[in-house]
Amino acid sequence: MSLMAFLNKWRRSQALALAIGAAICAAAWTGTPAAETLEERVQVCGGCHGEDGNSKMENTPSLAGQPALFLTNQLILMREKLRPVEAMEPFVKGLKDDEIVALAEHYAKLKPGSGPEPGSESLDQAAVARGAELVKQMHCGSCHKAGFEGQEQMPRLVPQRIDYLVKSLTEYRDGKRYGIDTSMNGVMYQVRNADIRALAHYLGSLR
Amino acid sequence: MRSLGRTTAQLSAALGLAALALAMPLGWANAQQAQRPTSGPDANPLDTSKALMAKTKQSLNLKPHASPLTITPREKIQLDKIKVPAGFKVELWAHGIPGARMMTRGDKGTIFVGTRVIGKVYAVTDKGGERSVKTIVDGQKQPNGLAFHDGSLYVITIDKALRLEGIEDKLDSPQVTDISDKINLPESTHHNWKFAAVGPDKKLYIAIGSPCNVCEINTGLHGQIRRQNLDGSNIEIVARGVRNSVGFDWHPQTKELWFTDNGPDWVGNDGPQDELNRVAKDAEGAHYGFPYCHAQGVADRTVKRPGACVGVTMPAALMGPHAGALGLRFYTGSMFPAAYKNTAFIARRGSWNREQKFGYDVVQATMSGGKATLTPFMTGFLDTASNAFWGRPVDVQQQPDGSLLVSDEQNGAIYRVTHGSAKAATK
């Protein structure tokens, strides 16, 4: 195997994608002396979450058009280490409430992406069909609203990256993540991996 | 929770569709749902299906209101909207305390404030005309339960018990001892934020909720108020069949324990109502009905047993539908008129599972012959015409001068209620 072939293969691997992602994020961060204004902070966030708030990075959520209260709550949970996300630690440390609210309001105003949601896997139509059924049975629309645009403390689910949906639904099921109450842990209790994938593919298929 | 997730994943794989069916009827979300029977029309009381909506006549879009985790600016706190009886006054005593819930008072006057989601315990001190707020514990899982005894603050979270010795002299550098291995807490999350207090018998009392909306529970573990020695030894159950109590206190004269208890969700807009209960001196360990019998003898329609309400101690008062009756303390001061002495103030955080909002106030409970009657005391947080609220009282705490502190989780604020010509605390 030539070096290029090896590298190409390696590049396709999730591990490397993640490593490159982390490196870009780190570069974006260290390249900025200290993000002190909203504009500077948004530039740093854009390194991973996309300049327009629509993420092109694996396992990293799109933030555009998320409810401001949801974003505020999550940033505070991360700052307080109640939702530990290692990649976010340097950015949330020491952020003041009003700085968090400003960031949340900025992303809430951005336009959610309209193209196909970039994800690590292409849409599996069988999973999409299964997901459509599950979403009805699980009444996801009760809180996240019929169009899954979210409201108040409940996040927008469409559009969102498929890989990120799988990641966060799995974390809720496994008790690795809590919202501001325990509702999602109850909803995801005992849901199988295949069904988490189906939910993610269905939501990822919607525009 | 994590190991539970793994186990259930394996189980689900093995059981295939059967397990799926178990997980699917979840709408509103309570960890208990999947533990419920999976067949029959009443398998899941939280099933947000049309059938349920028809039965309960409740909107399926009801959802808990998120309490802000951010500081509410002082100018947003609508003090002028609060109403109290003639002769009483309300002032903003402290603010900038996001998530402020249960309060307990140290011997040297520190007001300790617990929270849920934001994971912090605050210490509020009075510095000659103004208050200073310090965070003394953070990063905890819902540190709602606070008790103070003999110089130490006890913090009971969902999964831990912490002791902060000599805390009032060490607010800048608290020493936290984890005593979780001594105070045995069950492993559950839902409804398992705790209420705690040290009783007149110098024992630590902890309310342990039921890990569900309505479900069969292990009464030895959940749905109870228990007491134990401060070193954790000799656990006794004081009240059982309690759905979720987040407030109790001892009657100043009878020394009997009185506690609030929250009724179930998704059974209708009008109840079953929350309860105020009394543990009679000769009836410690009595059963208060959950999960079979709610409020004033309403049999549960999903968790059934013959004679659902037989042997169940009925409430001393009904606290209102979905009212969120939480913090309760007896008033022993002399600043308020004599009629308030030995009555209880109860904070009602306000409903979420009800279309027309209810509660969002502090009521006075007057005890007589083991029963109680309620009178409105502090209102104005809810505008019934627009069905909107701006504040949510969670706890009450009497100060040595006889004034009453009221915590407001929505605004991260503490109000002080005084009577007559009492001086304002803020210069």
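Begin with helices H7(A) and H11(A), which are roughly perpendicular to each other, a label that covers angles of 65 to 115 degrees, whereas under 35 counts as roughly parallel, over 145 as roughly antiparallel and the rest as oblique. Select residues 125–137 of chain A for H7 and residues 193–205 of chain A for H11, whose axes come within 7 Å and cross at roughly 95°. The axes are lines fitted to C-alpha atoms, for helices over the stretch in contact, with angles running from 0 to 180 degrees between N-to-C directions. Helices here are DSSP runs (H or I, at least four residues), as are strands (E, at least two), and both are numbered from the N terminus.

This is a predicted model, in which local features need pLDDT of at least 70 and side-chain atom pairs count only at pLDDT 80 or more, while totals for chains, interfaces and linings use all residues. Residues are numbered from 1 along each chain as its sequence is written, and chains are lettered from A and ligands numbered from 1 in the order in which they are written.

Staying with the helix pair, show the residues on H7(A) that meet H11(A), among them Ala127(A), Val128(A), Leu134(A) and Val135(A), together with residues of H11(A) that they face, including Ala198(A), Leu199(A), His201(A) and Tyr202(A); contact means that C-beta atoms, placed from the backbone, lie within 7 Å. The residues of this contact divide into 9 nonpolar, 3 polar and 3 charged, where Ala, Val, Leu, Ile, Met, Phe, Trp, Tyr, Cys and Pro count as nonpolar, Asp, Glu, Lys and Arg as charged, and the others, Gly among them, as polar.

Now widen the selection to chain A, which has 11 helices and 0 strands. Of its 207 residues, 46% are buried, meaning that 20 or more other C-beta atoms lie within 10 Å of the residue's own, against 12 or fewer for exposed and a count in between for partly exposed. Colour residues 3–109 as domain 1 and 125–205 as domain 2 of chain A, bounds that come from an automatic or database domain assignment. Their contact takes 13 residues from domain 1 and 15 residues from domain 2, and the side of domain 1 that touches domain 2 divides into 4 nonpolar, 7 polar and 2 charged.

Finish at Gly151(B), in the loop between strand S6 (145–149) and strand S7 (152–156) of chain B. Gly151(B) counts as partly exposed because it has 14 C-beta neighbours inside 10 Å. Not counting residues up to four places away in sequence, Gly151(B) touches Asp107(B), Glu165(B) and Gly166(B).

Terms used: Two residues are in contact if their C-beta atoms, placed from the backbone, lie within 7 Å.
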